[in-house]
Amino acid sequence: MTYVIQTKSTYYRKVYKQAIKTWNATGKFKFVAGSSKHHQVVLTTSTNTSQRGGEVAGNTTSYSNRAGYYTSAKVKLLTKNLQRNHYSETQRCKVAEHELGHVIGLNHSTNSHSVMLSTNRYNGITKADKNAVHQRYTTKVGKGTLN
């Protein structure tokens with residue numbers, strides 16, 4: 001999947017690059033740098049704090065075509081919320097990993113160790129997360145369920 005990082009912040013560019021490197025290292029999914037004209041995913045930042053009173057650290061919006069096929073996504077790390085809640089750089093990378101998990105089709109997990117835990121700021125990508133990606137991309141449509 002191709003991406004572009006659209007933030008002027010070198011700090012958050014570094015955060016996104018680390019999260020991409022971590023996902024790519026799993027061997028389960030590959031993010032590739034695209035160009036400003038040719039990409040599927042935009043990675044950016046926002047100073048928005050309106051969601052759930054400043055608790056939300058990031059969000060992902062996915063877009064589909066009329067047939068329901070994924071076409072693109074936009075990921076935002078909410079910088080004011082991250083600062084207000086004293087997230088370390090490592091924790092911000094975990095949030096970016098979580099949001100990239102949504103980009104590749106993973107839902108929130110109830111596993112307290114999963115990167116996809118909805119309140120995650122400490123967990124990295126686990127074996128369970130890797131298995132979820134594997135299942136997502138090897139299960140035929142209409143077969144099995146995704147959690």
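In the predicted model, Thr7 is buried, with a relative accessible area of 12%. Thr7 belongs to the loop that connects E1 and H1. Its side chain reaches the backbone nitrogen of Ser9 at 3.3 Å. Beyond residues up to four places away in sequence, Thr7 is in contact with Tyr12, Arg13, Leu43 and Thr45. Ser9 in turn caps the N-terminal end of H1, a side-chain oxygen of Ser9 lying 3.3 Å from the backbone nitrogen of Tyr11.

Helix H1 comprises the 16 residues 10-25. Within H1, the buried residues are Tyr12, Val15, Tyr16, Ala19, Ile20 and Trp23. These residues cover an arc of only 130 degrees around the axis, which puts them on the same side of H1. On the face of H1 turned away from the buried side are the exposed residues Thr10, Lys21 and Ala25. Just after the helix, Gly27 adopts a positive phi of about 75 degrees.

The partners of the buried residues of H1 include both strands and helices. The strands are E1 (2-5), E3 (41-46) and E5 (70-78), and the helices are H2 (79-84), H3 (89-103) and H4 (127-138).

The largest nonpolar core has 30 residues. Trp23, Phe31, Leu43, Leu77 and Leu100 have the most contacts inside this core. At least two core residues come from each of E1, H1, E3, E5, H3 and H4, and H1 gives the most, with six residues. Leu43 illustrates the contacts made by a core residue. With residues up to four places away in sequence left aside, Leu43 touches Tyr3, Val4, Ile5, Gln6 and Thr7, as well as Tyr16, Ile20, Val75 and Leu100. The contact between Leu43 and Thr7 leads back to the loop between E1 and H1, where Thr7 lies.

Two salt bridges were identified. In one of them, Glu89 pairs with Lys14, the closest N and O atoms being 3.2 Å apart. Glu89 lies in helix H3 and Lys14 in helix H1, so this pair ties together parts that are 75 residues apart in sequence. Both partners are partly exposed: Glu89 has a relative accessible area of 30%, and Lys14 has one of 49%.

The other salt bridge joins Lys94 to Glu97, with the closest N and O atoms 3.9 Å apart. Both residues lie in helix H3, three residues apart, about one turn of the helix. Lys94 is buried, at a relative accessible area of 18%, under the 20% cut-off for burial. Glu97 also counts as buried, at 2% relative accessibility.

Both residues of this pair are in contact with Asn123, a residue of the loop between H3 and H4. Asn123 is itself buried, with a relative accessible area of 14%. A polar atom of its side chain lies 3.0 Å from the backbone oxygen of Ser112. Besides Lys94 and Glu97, and not counting residues up to four places away in sequence, Asn123 touches Ser112, His113, Ser114, Val115 and Leu117.

Met116 is also placed in the loop between H3 and H4, and is buried, with a relative accessible area of 1%. Its contacts, again not counting residues up to four places away in sequence, are with His98, Gly101, His102, Leu106, Asn107, His108, Ser109 and Asp129. The C-alpha atoms of Met116 and Trp23 are separated by 13 Å, although the two residues are 93 residues apart along the chain. Trp23 is one of the buried residues of H1 and is among those with the most contacts inside the largest nonpolar core.

Conventions:
Residues are numbered from 1 along each chain as its sequence is written. This is a predicted model: local features need pLDDT of at least 70, side-chain atom pairs count only at pLDDT 80 or more; totals for chains, interfaces and linings use all residues. Side-chain values use heavy atoms; hydrogens and water are left out. Helices (H or I, at least four residues) and strands (E, at least two) are DSSP runs, numbered from the N terminus. The expected span of a helix is 1.5 Å times one less than its number of residues. Buried means under 20% relative accessible area, exposed over 50%, partly exposed in between (1.4 Å probe, protein chains only). The arc is that of the directions from the helix axis to the C-beta atoms. Contact means heavy atoms within 4.5 Å. A polar contact is a pair of N or O atoms within 3.5 Å; within protein, one must be able to donate a hydrogen and the other to accept it, and residues adjacent in sequence count only if both atoms are side-chain atoms. A salt bridge is a side-chain nitrogen of Lys or Arg within 4 Å of a carboxyl oxygen of Asp or Glu. A nonpolar core is a set of buried Ala, Val, Leu, Ile, Met, Phe, Trp, Tyr and Cys residues joined through side-chain atoms within 4.5 Å.
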